[in-house]
Amino acid sequence: MGLYVLPDLIADWRIRATAVPVAGARVDNGSCSSKLVLHICDATLTVPGKPRALSRHVNYVFADLHWGGYTVHVLADPAHPELPTTSLALDRIWSRTLTLLVAGGMLLALVLGPAIALFRRR
């Protein structure tokens, strides 16, 4: 979880207040899959630039009661153009944060619980 979604979440928290739409930017290979209320989205964001375009792969995991597709726009902070994100990512930033905390806590409990039980038996 930490390697998959945490870097994008931290970057989005950094630019959430100053992100603006990026002219000419596009979402390539964007897709979301849903399991009940859990949504997992992957996309490659391409932002025009000089001397060459910038491309960044992003991953989002969040809980939402939504069926159907999402419409997204590419956003970036003018001070940090190397961190493009999407409107979906910023709209769901609290859900992404809570999903990471809950899922990360559950995974940690599943790993540490048996280890602690083994040490207590000795």
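**Notes on cores, a pocket and a cavity**

1. Let me start with Ala89: setting aside residues up to four places away in sequence, Ala89 touches Asp12, Tyr60 and Arg96. Please keep in mind as you read on that this is a predicted model.

2. Ala89 also belongs to the largest nonpolar core, which has 10 residues in all. Two or more residues come from each of β3 (38-47), β4 (54-63) and α2 (87-91). Strand β3 gives the most, with 4 residues. A second, separate core of 8 residues includes Val5, Leu9, Val61 and Leu90. As a general background, nonpolar side chains in soluble globular proteins tend to be buried together.

3. Thr86 is worth a look on your screen. This residue is found in strand β6, which covers residues 80-86. Is Thr86 buried or exposed? Thr86 counts as buried because its relative accessibility is 2%, and the cut-off for buried is under 20%. Its side chain makes a polar contact of 3.3 Å with the side chain of Tyr60, and the Thr86 side chain also reaches the backbone nitrogen of Ala89 at 3.1 Å. Beyond neighbours within four places in sequence, Thr86 is in contact with Leu45, Tyr60, Val72, His73 and Leu75.

4. Next, the open space. The largest pocket holds about 280 Å³. Its lining has 19 residues, and the closest to the pocket centre are Ser31, Cys32, Cys41, Tyr70 and Leu88. The elements that give two or more residues to the pocket lining are β2 (26-35) and β3, and β2 gives the most, with 5 residues. By residue class, the lining divides into 10 nonpolar, 8 polar and 1 charged.

5. How many cavities of 30 Å³ or more does the structure hold? The count is 1, and the largest cavity has a volume of about 40 Å³. Val5, Leu9, Asn59, Tyr60, Val61, Arg96 and Leu100 line this cavity. Strand β4 and helix α3 (93-121) are the elements that give two or more residues to the lining, with the largest share, 3 residues, coming from β4. The lining residues divide into 5 nonpolar, 1 polar and 1 charged. Val5, Leu9 and Val61 are also among the residues of the second core, while Tyr60 and Arg96 bring us back to the contacts of Ala89.

Key. Residues are numbered from 1 along each chain as its sequence is written. This is a predicted model: local features need pLDDT of at least 70, side-chain atom pairs count only at pLDDT 80 or more; totals for chains, interfaces and linings use all residues. Side-chain values use heavy atoms; hydrogens and water are left out. A nonpolar core is a set of buried Ala, Val, Leu, Ile, Met, Phe, Trp, Tyr and Cys residues joined through side-chain atoms within 4.5 Å. Buried means under 20% relative accessible area, exposed over 50%, partly exposed in between (1.4 Å probe, protein chains only). Contact means heavy atoms within 4.5 Å. On a 1 Å grid over the protein atoms alone, a cavity is a set of points where a 1.4 Å probe fits but cannot get out, and a pocket is an open set with protein on both sides within 12 Å along at least five of seven lines; lining residues have an atom within 4 Å of a point. Grid points are joined across faces, edges and corners, and a volume is the space filled by probe spheres set on the points. Ala, Val, Leu, Ile, Met, Phe, Trp, Tyr, Cys and Pro count as nonpolar, Asp, Glu, Lys and Arg as charged, and the others, Gly among them, as polar. A polar contact is a pair of N or O atoms within 3.5 Å; within protein, one must be able to donate a hydrogen and the other to accept it, and residues adjacent in sequence count only if both atoms are side-chain atoms.
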